[in-house]
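Please open the model in your viewer and keep the sequence panel beside it. The stops below follow one another as selections, each with a short account of what is there.

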Amino acid sequence: MSKIEIKNLTFGFDTLAEPLFEHTNLTIDTQWKLGLIGRNGRGKTTLLQLLLGEYVYSGAITHQLAFTYFPQKVLDKTQLTYDCLQTLAVFDLWEIERELNLLQTDPEILWRPFASLSGGEQTKVLLALLFIDDRHFPLIDEPTNHLDITARQQVANYLKAKRNGFIVVSHDRSFVNEIVDHVLSIEKSQLVLYQGNFSTYEEQKEKRDRYEQEENRKLKKEIGRLQQSAAEKAEWSRGREKDKQGNPNQKGSGAIYDTGAIGARAARTMKRSKAIVNRMEEKAEEKKGLLHDIEDVDSLTINYQPSYHKQLLKVEKLQLSYTEQPLFSPISFEIEQGQRLAIQGANGSGKSSIIQFLLDEFTGVASGKATFAHDLSISYVRQNYEDNTGTLQEFAQAHHLSYEELLNNLHKLGVERKVFANRIEKMSLGQRKRVELAKSLATPAELFIWDEPLNYLDVFNHEQLEAVIQSVQPSMLVVEHEATFLKNIATKMIYL
């Protein structure tokens, strides 16, 4: 039985005020199918890269096996896909073709330039390369990005059937829940290991949070009692000090009171009150870390403007194609106020093409028709948002948005305030996705059209979006592959 042992690991980037890991200790059994979770920026990918030896750190990481990492880095994307894969690993053609067939992907894509493949196709060929290798321990970083529900299930089935262990990072709750038997959560101040799948993690994490919140409530109550007691004794002490001084207008005051005894008692009482305050402060300091691992997930806002129209959109016998072969059979649907329609289907089935058609951006051949309510206001989350550029303030002005509302939602989505000074084109993919989403949330609209909104978002963001949608009940058309999200927000679905 092989182990990965992490002892006294400390690591951080120079750009961060605090280290990502500090004096961290952990033992991982390589037979475990381990899900690595945590908010974006907590160091999930960094931990995988530390295992690979890509950064200098203090402490020790020991293991007796070699790792392989997904996604593998393709250096020259203009080459044929087959040639790109040959630079990454040694394999026979039949092996990669077998894995592509298992992923229901035409092996002919091997003879196309890698750059010409869709995001889903690139993911599948790199997964196929990973699946050929049975000699290394897999470190799998976000394998479900750009994959449709069918492909996600195929990858899940493969990983479930795999006899050896792996470490996987994914924000798809259904996917993680199905394939892992242990969960490692990177929390605010520590790593916490849970035995079981994602549902077990959520249940145990909720119990821990409830316990810590109750302990915090008791602590605050105790602090309040100590503060009140200290204040009362301090007030008594000040009153006795006045008695000791006596009333200058009262004759014989010194003969009536033993001012020396009163002063001594006052001094002792004041000393005791200060000791109480000191004990209170010491206890509060000891308990200061009590809530460190309760995630502060603030509620998002969405600028939904309910329409006076009952029916917002009606689509009749719509069929789209780029060649003579239609993408799907004719479909009809409608969206009424307060309804949330989810469109599902395999990659390439035409989901995004429907949205493009509705927004007059489709470049192929269309039949059928779509009718919007008069002057309907729409807010759109796009899959491709590379044209978002400039400072956040310039971006808000260009899109006629409230700058404050944009920043508030960005911060609630987990973008640190220090990032606000960066130009959008200089941000990470996850940060740029949050800008696109925050823009949509801040845009006043009667209908929200979201095309794969969850890519690059963490589990906490998924839950934030679910919460605001369930609370506000906006009208929406959504294309998304994350089954749990759709189950929680959609009022009806259509399948292509």
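Throughout this tour, a residue is called buried when its relative accessible area is under 20%, exposed when that value is over 50%, and partly exposed in between, using a 1.4 Å probe and protein chains only. This is a predicted model, in which local features need pLDDT of at least 70 and side-chain atom pairs count only at pLDDT 80 or more, while totals for chains, interfaces and linings use all residues. Residues are numbered from 1 along each chain as its sequence is written, and side-chain values use heavy atoms, with hydrogens and water left out.

**The whole chain**

Begin with everything selected and coloured by secondary structure, where the protein chain shows 15 helices and 17 strands; these are DSSP runs numbered from the N terminus, helices being H or I with at least four residues and strands being E with at least two. Of the 496 residues in the chain, 47% count as buried. The accessible surface comes to about 25200 Å², with 48% of it belonging to carbon and sulfur atoms, as computed by the Shrake-Rupley method with a 1.4 Å probe, only the protein chains shown counting as cover for residues. If a contact is taken as heavy atoms within 4.5 Å, then among contacts between residues at least 6 apart in sequence, 71% join residues at least 24 apart.

Select F13 next, in the loop that runs between strand 1 (3-11) and strand 2 (21-29). Is F13 buried or partly exposed? F13 counts as partly exposed because its relative accessibility is 31%. Leaving out residues up to four places away in sequence, F13 touches L20, T46 and Y55, and although F13 and Y55 are 42 residues apart along the chain, their C-alpha atoms are separated by 9.8 Å.

After helix 1 comes G53, whose phi is positive, near 80°.

**A nonpolar patch and a salt bridge**

Now show the surface around L80, L93 and W111, which together make a nonpolar patch of about 240 Å². Patches are made of residues with over 30% relative accessible area and no salt bridge, like charges being joined within 9 Å and nonpolar side chains (Val, Leu, Ile, Met, Phe, Trp, Tyr) within 5 Å. L93 belongs to helix 3 (residues 93-102), and L93 itself is partly exposed, with a relative accessible area of 30%.

Move on to R98 and E99, which form a salt bridge whose closest N and O atoms are 2.8 Å apart; the term requires a side-chain nitrogen of Lys or Arg within 4 Å of a carboxyl oxygen of Asp or Glu. R98 is partly exposed at 34% relative accessible area, whereas E99 is buried at 5%. A search of the whole structure finds 19 salt bridges.

**Helices 4 and 5**

Select helix 4 (residues 119-132) together with helix 5 (residues 149-161), whose axes are 12 Å apart and pack at an angle of about 10°. Helix 4 is therefore roughly parallel to helix 5. Axes here are lines fitted to C-alpha atoms, for helices over the stretch in contact, with angles running from 0 to 180 degrees between N-to-C directions; angles under 35 degrees count as roughly parallel, over 145 as roughly antiparallel, 65 to 115 as roughly perpendicular and the rest as oblique. To see where the two helices meet, display K124, L127 and F131 from helix 4 against A151, V155, Y158 and L159 from helix 5.

Finally, go to E436 and K439, whose side chains meet in a salt bridge with an N to O distance of 3.4 Å. The two residues are separated by about one helical turn because they lie three residues apart in helix 13 (residues 429-442). Salt bridges that share partners join R382, D387, E436 and K439 into one network. Both E436 and K439 are buried.

T443 is buried, with a relative accessible area of 19%. Which residues does T443 contact, leaving aside its neighbours within four places in sequence? T443 is in contact with N303, S379, L401 and F448. T443 and S379 are 64 residues apart in sequence, and their C-alpha atoms are 6.0 Å apart in space.
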